[in-house]
Amino acid sequence: MIFEQQDHHNGSIYCVDWSRTSRLVATGSNDKVIKILVTPLFEQIENGEEGWQEDMKQMELIGHKAIVRTVQFNPLDPTVLLSGGLMESDVKVWDTETGKNIANLKGHQGNIYSIKYSFDGSFALSVGTDKIIKIWDVRVQKNIAEMDGSQFSEMNEISMTSNVLVG
């Protein structure tokens, strides 16, 4: 281990995502907060260079009512983060530069457990306690399709592959 962030949240961390295009790490917790951390350049730490602490920045995204269960960066644009949690049925859209909740994607009937982006950041999937898999076009912030997963006992996680079927 070359880097550790002590006392990052006031509670347990439930989810984490590392942006694919920058040094941002998002974490969600039972303290109802999302924290965005700009990681240091690890080469500086390994080489014993001074000053790497000045590069570290942290932002708090506040707006969840309870435990933040899922966070997901747009794979091509780390300024956009999706999140979901307990006691909420909306997928929240965040601007990671301003820390503002810029939109709420409405449609679920219960807690949000998992969100995943498509490889190009145009679409996202979400699932929660309603066991409905929602497909969102995040470019226009609309639910475009859904699948019923009520035959499954629990749906705590969802994934998306890069395969796309065109009909």
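Lys134 is buried, because its relative accessibility of 6% falls under the 20% cut-off. In this predicted model, Lys134 takes part in a salt bridge with Glu146. A search of the whole structure finds seven salt bridges. Three of these pairs are described below, with the exposure of each partner.

**Lys134 and Glu146**
- The closest N and O atoms of Lys134 and Glu146 are 2.6 Å apart.
- This pair links distant parts of the chain, with Lys134 in strand β11 (residues 132–137) and Glu146 in strand β12 (residues 142–148), 12 residues apart.
- Glu146 has a relative accessibility of 45% and so counts as partly exposed, whereas Lys134 counts as buried.

**Glu60 and Lys35**
- The side chains of Glu60 and Lys35 form a salt bridge, with an N to O distance of 3.4 Å.
- Because Glu60 lies in strand β4 (residues 57–62) and Lys35 in strand β3 (residues 33–38), the pair ties together parts that are 25 residues apart in sequence.
- Lys35 counts as buried because its relative accessibility is 9%.
- Glu60 counts as partly exposed, at 41% relative accessibility.

**Arg139 and Asp137**
- Arg139 and Asp137 are joined by a salt bridge in which the closest N and O atoms are 2.9 Å apart.
- Arg139 has a relative accessible area of 55%, which is over the 50% cut-off, so Arg139 is exposed.
- Asp137 has a relative accessible area of 11%, so this residue is buried.

How values were computed: Residues numbered from 1 in each chain as written. Predicted model: local features only at pLDDT ≥ 70, side-chain atom pairs only at ≥ 80, totals over all residues. Heavy atoms only, no water. Salt bridge = Lys/Arg side-chain N within 4 Å of Asp/Glu carboxyl O. Helix = DSSP H or I, 4+ residues; strand = E, 2+ residues; numbered from the N terminus. Buried < 20%, exposed > 50% of the residue type's maximum accessible area, 1.4 Å probe, protein only.
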